[in-house]
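Visitor: Could you take one buried part of the fold and go through it closely, saying what surrounds it and how its neighbours are arranged?

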Amino acid sequence: MSKLLIVGTVAFDAIETPFGKTDKILGGAGTYIGLAAEKFGVDSAIVSVVGGDFPQKYLDLFQRKNINTEGLEVVKDGKTFFWSGKYHNDMNSRDTLDTQLNVLADFEPMVPKSYKDAEVVMLGNLHPLVQLSVIEQMDSPKLIILDTMNFWMDNTLDELHQVIAKIDVITINDEEARQLSGEYSLVKAARKISKMGPKYVVIKKGEHGALLFHGNEMFFAPALPLEDVFDPTGAGDTFAGGFAGYLTQTNDTSFENMKNAIIYGSNLASFCVEKFGTERMIDLEGDEIDKRLKVFKSLTQFKIDLN
C-alpha cells in the first residue's frame, strides 16, 4: 500500500456562522486532510504539534481512523494552536477574531523514519520553511502537493518560491492564484505559476468548483449545489485530503487520474460544510460518499452530437 505523509496544523477552532457558534472544537488543516484521506484506506501519518491541553480523545480518534501519530509532537507544558473566526451571511467571507500560535510558533517538523519513504506528501498550509524542512527529510516521494495562502505571499514570498520550485502540485484559491502570478486571467495565472515549478496547478473557486491545469491541458469540476452550508471551515483542506488520498490509493499521477482526484476531493468537501468543524467527516460513511459521487456524475454528464 502506498503511504501518504500529511503536514499541517492540528488545532482548536471556535467558529461562528449565521447558523450558530461553537466553543473550542477539533480543527486544523492536518486534521481535515487526514480525515478526508482516511476515506481511501491509505497508510497515512500526520506531522504536526499540539500542546498538553490537547485531549486524549482526539488522539484516540486519529488512531481509530488509522492515522499514524508518530510525527504528532505533544508539548506537555504548551498550548495548542487556536483560531477563532466569524463568517458573514454570504458564508464566503469571514473575519478572524483571534489567532494564538502557541506551540506552533516554535514548531520544527520531524518526519518519522517509517514515513520518510512515503510516495505522496501533502504539505498543508504552514510557514514555507516548515514545508521545505519536510521535503528535505523525505527520501524520493513520487508526488509532492502544496497548499498555501496569501498570508505567506505577503510575508514570506522568497521562501514560498523556494518551496514551490520543489513541488509537483500546488492547490490555491483564485484570489491567491492572481496574487501569486500577478495575472487576473486564471488561465494565464496557472501558466505563470507552472513556470515556478509545479507540473500541475489546482485553483479552487469555492462554491464555483475547481480548475486543474497541466501544460496546455485544462479540466473544470463543479462544486455540488447544496441546500444548506453550515460551516465552510476546513472545506479546502478536505478537498486537498480527498485529492491526495485518492492519488495515493490509485498510485496514478497522470492528468486523467488527477481529474478523478479533483472530483473525489470536491465530493468530500461538499460533506464537510454540512456540519460544524470536523463532525460530518468523522461520521461520514462510504455508502454516502458513493451515492453523492453518482450525483456529481449526473450533474456533469451529457450527450451531444458533434457530427
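Guide: Contact here means heavy atoms within 4.5 Å. The model is predicted, so that local features need pLDDT of at least 70 and side-chain atom pairs count only at pLDDT 80 or more, while totals for chains, interfaces and linings use all residues. Residues are numbered from 1 along each chain as its sequence is written, and side-chain values use heavy atoms, with hydrogens and water left out.

Let us begin with isoleucine 145, which lies in strand S11 (residues 143-147); strands (E, at least two residues) and helices (H or I, at least four) are DSSP runs numbered from the N terminus. Isoleucine 145 has 0% relative accessibility and therefore counts as buried, a term for residues under 20% relative accessible area, with exposed meaning over 50% and partly exposed in between (1.4 Å probe, protein chains only). Once neighbours within four places in sequence are set aside, isoleucine 145 is in contact with Val120, Val121, Met122, Leu123, Val169, Thr171, Phe243 and Ala244.

Strand S11 is also one of the elements against which the buried residues of helix H3 pack, the others being strand S1 (3-7), strand S10 (120-123), helix H4 (150-155) and helix H5. H3 is mostly covered, with 7 of its 10 residues buried, namely Pro128, Val130, Gln131, Leu132, Val134, Ile135 and Gln137.

The packing of H3 on H5 can be described in more detail. Helix H3 (residues 128-137) and helix H5 (residues 157-164) pack at about 25 degrees, their axes 8 Å apart, and this makes H3 roughly parallel to H5. Angles under 35 degrees count as roughly parallel, over 145 as roughly antiparallel, 65 to 115 as roughly perpendicular and the rest as oblique; the axes are lines fitted to C-alpha atoms, for helices over the stretch in contact, with angles running from 0 to 180 degrees between N-to-C directions. From H3, Pro128, Leu129, Gln131, Leu132 and Ile135 meet Glu159, Leu160, Gln162 and Val163 of H5, and by class this contact has 6 nonpolar, 2 polar and 1 charged residues. Ala, Val, Leu, Ile, Met, Phe, Trp, Tyr, Cys and Pro count as nonpolar, Asp, Glu, Lys and Arg as charged, and the others, Gly among them, as polar.

Threonine 69 sits in the loop between strand S6 (67-68) and strand S7 (72-75) and is buried, with a relative accessible area of 18%. Not counting residues up to four places away in sequence, threonine 69 touches Phe62 and Gln63.
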